[in-house]
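This report examines selected residue contacts and the ligand site of a single structure. Please consult the sequence and the model while reading.

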Amino acid sequence: MTAPAYRLYARHGAGSIAVQIALEEAGAAYEVTWIAKTPEAVEAYRRVNPAGRIPALGLPGGAVMSESS
Ligand SMILES: N[C@@H](CCC(=O)N[C@@H](CS)C(=O)NCC(=O)O)C(=O)O
């Protein structure tokens with residue numbers, strides 16, 4: 001089984017749903033990683049998005065896209 005092409009880094013109430021809707025509309029394969037609000041979780045997440053902002057989208061090939069708007 002191959003891994004989904006996209007990984008959505010999300011948190012409820014943080015605008016992640018807009019990106020999820022776009023992925024669903026596109027029929028893209030993706031997984032969601034939920035980012036907790038704890039300082040430890042946010043610090044670990046900064047390895048994905050140094051700004052610490054949610055959402056972010058891991059792309060095929062390993063790049064990460066932020067600024068969902
Ligand atoms: N311009 C960004 C804004 C992202 C953003 O500010 N997300 C907020 C949640 S709604 C956030 O992560 N706040 C946590 C922080 O700023 O540390 C986008 O459209 O994706």
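Leaving aside its neighbours within four places in sequence, with which residues is S16 in contact?

## Surroundings of S16

In this predicted model, S16 contacts L8, Y9, A10, R11, I54 and P55, when neighbours within four places in sequence are set aside. S16 belongs to helix α1, which covers residues 16–26.

The relative accessibility of S16 is 4%. S16 therefore counts as buried, the cut-off being under 20%. Its side chain also reaches the backbone nitrogen of R11, at 3.0 Å.

## The aromatic pair

One aromatic pair is found in a search of the whole structure. Its members are Y9 and Y45, in a tilted arrangement with 5.8 Å from centre to centre and 50° between the planes. The pair links distant parts of the chain: Y9 lies in strand β1 (residues 6–10) and Y45 in helix α2 (residues 39–45), 36 residues apart.

Y9 is buried, at a relative accessible area of 14%. Y45 is likewise classed as buried, at 2% relative accessibility.

## The ligand site

Around the ligand stand A14, G52, R53, I54, P55, E67, S68 and S69. Classified by type, this shell comprises three nonpolar, three polar and two charged residues.

The side chain of E67 places an N or O atom 2.5 Å from a nitrogen atom of the ligand. For S68, a backbone N or O atom is 2.9 Å from a ligand oxygen atom. A polar backbone atom of S69 is 3.4 Å from an oxygen atom of the ligand. The ligand taken alone exposes 510 Å², of which the protein buries 59%.

Definitions and conventions. Residues numbered from 1 in each chain as written. Predicted model: local features only at pLDDT ≥ 70, side-chain atom pairs only at ≥ 80, totals over all residues. Heavy atoms only, no water. Phe/Tyr/Trp six-rings, centres within 6.5 Å; stacked < 30°, edge-to-face > 60°. Helix = DSSP H or I, 4+ residues; strand = E, 2+ residues; numbered from the N terminus. Buried < 20%, exposed > 50% of the residue type's maximum accessible area, 1.4 Å probe, protein only. Polar contact = N/O pair within 3.5 Å; in protein donor to acceptor, adjacent residues only side chain to side chain. Contact = heavy atoms within 4.5 Å. Near = heavy atom within 4 Å. Areas by Shrake-Rupley, 256 points an atom, 1.4 Å probe, with all protein chains shown as cover. Nonpolar A, V, L, I, M, F, W, Y, C, P; charged D, E, K, R; others polar.
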